[in-house]
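Hi,

Here is the structure I promised you. Have a look at it first, and then read on for what turned up in it.

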Amino acid sequence: MAMNPKNKNIKDLFPRTLVNINGEIYPPEAANISVFDRGFLYGDSVYEVTKTIKGKCLFLEEHLDRLYNSAELIAMPVLFTRAEIKKEIEKTVKALDVDQAYVRFVVTRGITPIGLDVQTEQNNMVIVVKEYPDYPAWWYEKGVSVCISSFLRNDPKATDPNAKSGNYLNNVLALLDARKKEFFDAVMTNKDGFITEGTTNNIWMIKNGEILTPPLKAGLLKGITRDKILDIMKKEKFKGGEKNFTPAEFLEADEAFFTSSTKGIVPICQINEKILQNTPGPITKKLMTSYEKLLKA
Ligand code: PDD
C-alpha cells in the first residue's frame, strides 16, 4: 500500500518539466535519485537557481562561479567540469523548449555509507528545468509585505549563508512562520541584531535618497541580482551601498525592495504593521527600469 498516495501527483505538480540526472533527461515522474544520497539525508549539496530569457540562461557564468564557490565553502569537491555542467543545462533547456524556464541545478556530495563521515569523493548532479510563467503583475505594481522574523539567519561561523547549500531548513521555518502571519516573506536578522536577507532574496532599503543593502559580513548570500544592482548604482551614480541597518531603521525606510534571479526587483509595501506609502517609490522604479534595460541587453 502506498503510504503517501499524494506522491502520485508528480506529473500534475510539474507540468512542462524535464529533469537531467547525471546527464540523462527524464520526465518528472521518472526522475528519481537514491534515498542514500547525502543531499536527501543531510542537505549536503549546493545549488543554483536562474531563469531563461529567449532560451538563454540569465547570468549563467556568475551562477556557475557561485556554485563552485559554495562547494568550496562546504569543502565539497565538484567532479563535474564547468563545461560539462553548462552543456547539460543547455541540453535540458533546449529539450524543454519553452519561452521562459526556471532552471535549478544541484550538485550533491553523492552516496556514501550512512553516517556523516565522507569516505568517497563523488557527486550526483540534478538539473530541473520547468516552464515558468511570469509572476503576478501586482507584486511589481503594488509591492509585497514582509515581516521581521524571530528566526535568526544562520551565523557565518555555522553553515555560512554565503554557501548556497541545500540546507534551507532555517529559511523554510522563517517562511512558514511569516505565511502563518499572512506576510509574503520573512526578513531575518543576525545575532547582533542587524538585518541580513529574506528567505530567498536580498533586502534593500532607501532612506533620504540612499539605497542600502546589508554587507556580506552581516551573513547573507552574495546575490547575483544584488551584485548587478550595486553595479547599476555605481554606473548611474545612485547614492548608497553596503551598510548594516537594524529592524528599527528598516521600519523607517522611505522605500524598500528585495532582489533575486527569478523574481528580479520586487517592491516591498509593508514591513510588519508599517505601510510604505506609494509603493513602488520613485527610486525603486528607476532601478527597476535600469535592471530591465540590463536584462534586455
Ligand atoms: N534564491 N538570498 C538567498 C537566501 C537566496 O536563496 C537567494 C536566491 C538570494 C538572491 O540571490 P540571486 O540574486 O543570486 O538569485 C538571496 C533563489 C532564487 C532560490 O533559491 O530560489
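Lysine 54 sits in the loop between strand 3 and strand 4; helices (H or I, at least four residues) and strands (E, at least two) are DSSP runs, numbered from the N terminus. Before going further, a word on the ground rules: this is a predicted model, where local features need pLDDT of at least 70 and side-chain atom pairs count only at pLDDT 80 or more, while totals for chains, interfaces and linings use all residues. Residues are numbered from 1 along each chain as its sequence is written, and side-chain values use heavy atoms, with hydrogens and water left out.

Back to lysine 54: its phi is positive, about 50°, although it is not a glycine. With 79% relative accessibility, lysine 54 counts as exposed (buried means under 20% relative accessible area, exposed over 50%, partly exposed in between, with a 1.4 Å probe and protein chains only).

You'll find asparagine 208 in the loop between strand 10 and strand 11 (210-213), and it is exposed, at 62% relative accessible area. Alanine 75, which follows helix 3, has a positive phi too, near 55°.

For a peptide bond that is cis, go to threonine 279 and proline 280, where omega is about -5°. Proline 280 is in the loop between strand 15 and helix 9.

**Helix 3 and its buried side**

Helix 3 (residues 60-73) has 14 residues and spans 20 Å from first C-alpha to last, close to the 20 Å expected at 1.5 Å a residue (the expected span is 1.5 Å times one less than the number of residues). Which residues of helix 3 are buried? They are Leu60, His63, Leu64, Arg66, Leu67, Ser70 and Ala71. These cover an arc of only 165° around the axis, so they lie on the same side of helix 3 (the arc is that of the directions from the helix axis to the C-beta atoms). An α-helix has 3.6 residues a turn, so residues three or four places apart point the same way. The buried residues of helix 3 pack against strand 3 (45-53), strand 4 (56-57), helix 4 (82-96), strand 5 (101-108) and helix 7.

**Two helices that cross**

Helix 7 (residues 224-235) packs on helix 9 (residues 282-296) at about 110°, with the axes 11 Å apart. Axes here are lines fitted to C-alpha atoms, for helices over the stretch in contact, and angles run from 0 to 180 degrees between N-to-C directions. That makes helix 7 roughly perpendicular to helix 9 (the range for that is 65 to 115 degrees). Helix 7 brings Thr225, Lys228, Ile229, Ile232 and Met233 to the contact, and helix 9 brings Leu287, Ser290, Tyr291 and Leu294; contact means heavy atoms within 4.5 Å.

Lysine 207 belongs to strand 10 (residues 202-207) and is partly exposed, at 26% relative accessibility. Leaving aside neighbours within four places in sequence, lysine 207 is in contact with Glu252, Ala253 and Asp254.

Leucine 276, in the loop between strand 15 (274-275) and helix 9, is buried, with a relative accessible area of 5%. Leucine 276 and glutamate 252 are 24 residues apart in sequence and 9.1 Å apart in space, C-alpha to C-alpha.

Cheers

Key:
Angles under 35 degrees count as roughly parallel, over 145 as roughly antiparallel, 65 to 115 as roughly perpendicular and the rest as oblique.
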